[in-house]
Amino acid sequence: HLLQREVKSRPPEPIDAVCFDFKGILADSGDSGLYPEMIDLVKELRNRGVMLAVVSSADPYAVREQLGSFQKAFDGIYHGHGGQKHHAIEEFVLASRLTDLSRVVFVDDVLENLVPAMEQEPIYGVAFQRGIDDPRSREFCGKKGIPFAVTSEELRRFLCSLPAPESPTA
């Protein structure tokens, strides 16, 4: 279901980091916990050397509590509302001493959160609407050049297809 033509337009540089929204992406919107397949994806990205952050409008203390010991898999948990999440991503980038926002991927299920981040900063947005293959969302993403995933496996395949950070040379 991913829009393959947008994948081709992705710069060839490796990605340095992935920022995930929390509710609806890593965890159920209710309180039923983390999605097991997302735990696996986070571990896979971490093993590839990709830095990871949670950027969410949810209360950071509640996010930490729900993540439990798994919060150690992330380089930071940042708070940002809606279309202002790019400020939280900037904060993460600065704190992590990254130098290029265009090498940061932001995964969110709310399209209105992705577009401002992509327009304000060179952040690479990915829409993930778990189990909702809405033709209007897909069309909107196609027009904006935003990759669109409906399943965790589609998201995993896409994120893991992007080049990982380069290893420092000795």
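Me: What share of the contacts in the chain with a separation of 6 or more comes from residues 24 or more positions apart?
Reply: In this predicted model, residues 24 or more positions apart account for 61% of the contacts with a separation of 6 or more.

Me: How many helices and strands are there in the chain?
Reply: The chain has 7 helices and 6 strands. Along the sequence they follow the pattern α-β-α-β-α-β-α-β-α-β-α-β-α.

Me: And what percentage of the residues count as buried?
Reply: Of the 170 residues, 49% count as buried.

Me: Which residues touch the most other members in the largest nonpolar core?
Reply: That core holds 33 residues, and V18, F20, F74, V107 and L159 touch the most other members. The elements that give two or more residues to this core are β1 (17-20), α2 (36-47), β2 (51-56), α3 (60-67), β4 (104-108), β5 (124-128) and α7 (152-161). Apart from it lies another core, of 23 residues, with Y78, V104, F148 and V150 among them.

Me: How do the axes of α2 and α7 cross?
Reply: The two axes come within 10 Å and cross at roughly 5 degrees. Angles under 35 degrees count as roughly parallel, and α2 and α7 are therefore roughly parallel to each other.

Me: Which residues meet there, in α2 and in α7?
Reply: From α2, the residues are E37, M38, L41, E44 and L45; they meet S152, L155, R156, L159 and C160 in α7. By class, this contact has 6 nonpolar, 1 polar and 3 charged residues.

Me: What about α5 and α6, how do their axes cross?
Reply: The axes of α5 (residues 111-120) and α6 (residues 135-144) come within 12 Å and cross at roughly 5 degrees. These helices, α5 and α6, are therefore roughly parallel to each other. Here L111, V115 and E119 in α5 meet S137, F140, C141 and K144 in α6. The residues of this contact divide into 4 nonpolar, 1 polar and 2 charged.

Me: Which residues of α6 are buried?
Reply: In α6, the buried residues are S137, R138, C141 and G142. They are on the same side of α6, because they cover an arc of only 135 degrees around the axis. On the other side of α6, P135, R136 and K143 are exposed.

Me: What comes just after α6?
Reply: Just after α6 is G145, which takes a positive phi of about 75 degrees.

Me: Let's switch to α4. Which of its residues are buried?
Reply: Helix α4 (residues 85-95) has K85, H86, A88, I89, F92 and V93 as its buried residues. Seen down the axis of α4, they fall within an arc of 155 degrees, so they line one face of the helix. The face turned away from that buried side carries the exposed residues L94 and A95.

Me: What covers the buried residues of α4?
Reply: The cover includes β1, β2, β3 (76-79), β4 and α5.

Me: Where is R97, then?
Reply: R97 is in the loop between α4 and β4. At 74% relative accessibility, R97 counts as exposed. R97 also has a positive phi of about 60 degrees although it is not a glycine.

Me: One more residue: is A17 buried or exposed?
Reply: A17 is buried, with a relative accessible area of 0%. A17 is found in strand β1. Not counting residues up to four places away in sequence, A17 touches V50, M51, F92, L98, R103, V104 and V105. A17 and R103 are 86 residues apart in sequence, yet 6.8 Å apart in space, C-alpha to C-alpha.

Me: And where is D59 found?
Reply: D59 is in the loop between β2 and α3. D59 is partly exposed, with a relative accessible area of 40%. The C-alpha atoms of D59 and Y78, 19 residues apart along the chain, are separated by 9.4 Å.

Conventions. Residues numbered from 1 in each chain as written. Predicted model: local features only at pLDDT ≥ 70, side-chain atom pairs only at ≥ 80, totals over all residues. Heavy atoms only, no water. Core = buried A, V, L, I, M, F, W, Y, C linked by side-chain atoms within 4.5 Å. Buried < 20%, exposed > 50% of the residue type's maximum accessible area, 1.4 Å probe, protein only. Helix = DSSP H or I, 4+ residues; strand = E, 2+ residues; numbered from the N terminus. Axes fitted to C-alpha atoms, helices over the stretch in contact; angles between N-to-C directions. Parallel < 35°, antiparallel > 145°, perpendicular 65-115°, else oblique. Contact = heavy atoms within 4.5 Å. Nonpolar A, V, L, I, M, F, W, Y, C, P; charged D, E, K, R; others polar. Arc of directions from axis to C-beta.
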